[in-house]
Amino acid sequence: MSNLMNGAPNLMNGAKMLLECLAREGVDCFFGYPGGVTLPFYDALYDHAIKHVLVRHEENACFAASGYARATGKVGVCCATSGPGATNLVTGLVDSLMDSIPIVAITGQVSTKLIGSDAFQEADTFGITRSCTKHNYLVKNIAELPQIIHEAFYLASSGRPGPVLVDIPKDVFQAQGHYEPVDQIHLRGYRVTADGHTGQIRRAAQMIWEAERPMIYAGGGVIASGAEPELRELVERVDAPAVCTLMGLGGLPADHPNFISMPGMHGSYAANMGLTGCDLLIALGVRFDDRVTGRLAAFAPNARVIHVDIDPAEVSKNRQADIPIVGDAKRVLQKLNKLLAELEPTARNQSSAGKRAWWKQIREWKDEHPYDRAHSDDEIKPQHLMTEIDRLSGGEAIVATDVGQHQMWAAQLIRFHHSRLWINSGGLGAMGFGLPAAIGAQFARPDKLVFAIVGDGGFQMSIPELATLAAYQLPVKIVVMNNGYLGMVRQWQELFYNNRLSQVKLDCFPDVEKLAGAYGFRGSTVERPGELAGALEAAVREPGPYLLNVKVSPLENVYPMVPAGGAINEMVLGAAVPVAQ
Amino acid sequence: MKWFSGQPYRWPNNMLQVISVLLENKPGALMRVTGLLSARGYNIESLTVARTIDPDLSRMSIVVDVDDRLRAQVIKQMNKLVNVLQATDLTEAPAVCREMILLRVRAPMDKRSAIIKEAEIFGARVVDSSLDGFVIEATGDPEKLDEFLDVMQSYGNMEYTRSGSIAVSLEARKLRLQPPVPVAGVQAESAEEEMDGVLNG
């Protein structure tokens, strides 16, 4: 960098230029896997200060970048070669797109003169990833490389965040050019509306004070914009009950008295009843996802809706908003809180009697059907496992999960006192996400205890990353909730397909002691409820990685459950009769 | 040369809608716009695209058959595309819509003057003439061109190419463009105008 400072023309190749741009964007670490066309890039990397984490599969490079981004809010960076390397990124890109996670993916491409010739390891990465990204680029010339890289970071992190892919041909990596740092980005067609319409926010403030049964519905957008303090201020000022979606968990501390857990398909009874009964829904950084709303026509049927989102295409997409507010959650809430404070002296008592009755009702719902915390002396219940992890975490550990039953139990029973602790593939629901995401999160937060809670299905999709754990001696604690089934699919087959269990039994799970041992770290299996706490504590005490296989009751179902197409207040609260196999 | 025969395709005109898109003239930009329609399983009835007075920009007119609610969503998604400066729905808006046809018709000696007269009625003109027949250029609104094709069909086999509709709004629409931002610093602009769109839409 030193010779950049004196303004001398700086001749370097594209690979070096890319690294300069990454450094300028503050990238301290990225995840990747080398290949033929990225050889020039990895050669430049050989003596560069940026840390590269060598994963064992490109998909996991993208998941790890996602875990890094989710744990920090910074842009996660991953890198893959052309052809199969690039196509392996696709699942990770769609995952970040669905969950609005800022990712910059760098892919190598065959040399520009070979593009379109069906060259070795050629794939139309630009075409394939068009619908998997917020935006993507094919760099045709070294002269445009720095501009594109900075645009990619800007696009990934601004507005509604998302993945941006930059496809770089080998000859662009090799070409020599004068690197001039880019100072400005000009994307005239890319509009970010962050401030929110003051008149609309004023109307919202009035509506909030008028409401007798308000409900705050906060999602991933609150965390993406860093609006946690503003959310808390709103919740406390209005004294409204608040639900956080699967993507929004931690947005409001789990032990906050106004927090009534997660809504939706496996949400809490109180959250779903509350959403159904409210007269005002304050939706913040959410997209009225089908897993939250259930049957849309029956969702919050008596409520007027204030919908704040930075993406104008989300506002009124699924539910018509009475007060649409396009803007960044943090900035909108700052304005809203200020206006609420101004109106408070005159407005506060208007609805107080109604609000007291509302709180009474909410508390009744909470007491009536809290989450199922099944416990047994004979076998480890999954709920018991999550409760023990919650105890060890104390609301402070990072928990990355895969997708399925374990994810839902973890979301229900593990408390998060801050945002960016709960890391899961919410929108896409990608199996094999948990372990690589935990790796990314541990690199981002070396100070944190990181759990990768995975099912026995998803774990077997990410086994290659055990080598990454071992190589970097990352102290990630893998907890396999092992019920021997693809649990969520089995649950649906049991409930909706006459218990005809088709292709969901996962036999031949490996001996984890040997498996972890083969990679040079420790692993063990626990089956007895009485040994669970000790086994988890031992895993946490271990200075390096640990693989804990927890055999849980195989046929446990997640409740409450809203059947597909049902209204969210029509929950199944538990099995009527125990189902024997 | 093979002559096309058969009934000219008729658009269900009352059902079709027109979307006008101003976008950057960059590789892949067209696919990003059309991809939003194909990803939702909608077919494009016609599409035209050409440069504007600013050579870095193109104007695209898309004719589709998509219900109102989904169309509003798709247009919002189009406006989100980085390469799109403005996407507008001209279906209900005051707009002029025109299309061009190039038509080759077999014209034996005894029918040549009749064909020319017929073309003149529709304001079309002969742009090429050979012993076999004429190439006729016709411009008009798509319905008028359908009628013209019906008439020409009565003279025998013909082959034609339609340009697809191009449309221009009769209202000036304010174009909001993002000003430059410094690298590694996100700046956003005021929300007031964006909201008007959301409120009206």
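Q: What makes the reach of helix H10 (residues 198-210) of chain A close to the expected one?
A: This is a predicted model. In it, H10(A) has 13 residues and reaches 19 Å from its first C-alpha to its last. At 1.5 Å a residue, 18 Å is expected. The two values are close.

Q: How do you know that the buried residues of H10(A) sit on the same side?
A: The buried residues are Gln200(A), Ile201(A), Ala204(A), Ala205(A) and Ile208(A). They cover an arc of only 145° around the axis, so they lie on the same side of H10(A).

Q: Why is Ala283(A) called buried?
A: The cut-off is 20 or more other C-beta atoms within 10 Å. Ala283(A) has 27 C-beta neighbours inside 10 Å, so Ala283(A) counts as buried. Ala283(A) belongs to strand E12 (residues 280-284) of chain A.

Q: Which residues are in contact with Ala283(A), leaving aside its neighbours within four places in sequence?
A: They are Tyr217(A), Val305(A), Ile306(A), His307(A) and Val308(A).

Q: What makes helix H2 (residues 14-24) of chain A mostly covered?
A: Of its 11 residues, 8 are buried. Among them are Gly14(A), Met17(A), Leu18(A) and Cys21(A). Lys16(A) and Glu20(A) are also on the buried list. Just after H2(A), Gly26(A) takes a positive phi of about 80°.

Q: How do you know that domain 1 of chain A touches domain 2 of chain A?
A: Chain A is divided into domain 1 (11-178), domain 2 (198-368) and domain 3 (382-551). A contact needs C-beta atoms within 7 Å. By that test, 6 residues of domain 1 of chain A are in contact with 6 residues of domain 2 of chain A. The domain 1 side has 1 nonpolar, 3 polar and 2 charged residues. The C-alpha centres of these two domains lie 38 Å apart.

Q: What makes up the contact between chain A and chain B?
A: Chain B gives 30 residues and chain A gives 34 residues. Several elements of chain B each supply at least two residues, including helix H1 (29-38), helix H2 (68-80) and strand E10 (181-182). By class, the chain B side has 16 nonpolar, 7 polar and 7 charged residues.

Q: Why are strand E9 (residues 184-185) of chain A and E10(B) said to pair?
A: Pairing requires at least two bridges, and E9(A) and E10(B) have 2 bridges, so they pair. The sense is antiparallel. Ile185(A) has Val181(B) as its bridge partner in E10(B).

Technical notes
Residues are numbered from 1 along each chain as its sequence is written. Chains are lettered from A and ligands numbered from 1 in the order in which they are written. This is a predicted model: local features need pLDDT of at least 70, side-chain atom pairs count only at pLDDT 80 or more; totals for chains, interfaces and linings use all residues. Helices (H or I, at least four residues) and strands (E, at least two) are DSSP runs, numbered from the N terminus. The expected span of a helix is 1.5 Å times one less than its number of residues. A residue is buried if 20 or more other C-beta atoms lie within 10 Å of its own, exposed if 12 or fewer, and partly exposed in between; C-beta atoms are placed from the backbone. The arc is that of the directions from the helix axis to the C-beta atoms. Domain bounds come from an automatic or database domain assignment. Two residues are in contact if their C-beta atoms, placed from the backbone, lie within 7 Å. Ala, Val, Leu, Ile, Met, Phe, Trp, Tyr, Cys and Pro count as nonpolar, Asp, Glu, Lys and Arg as charged, and the others, Gly among them, as polar.
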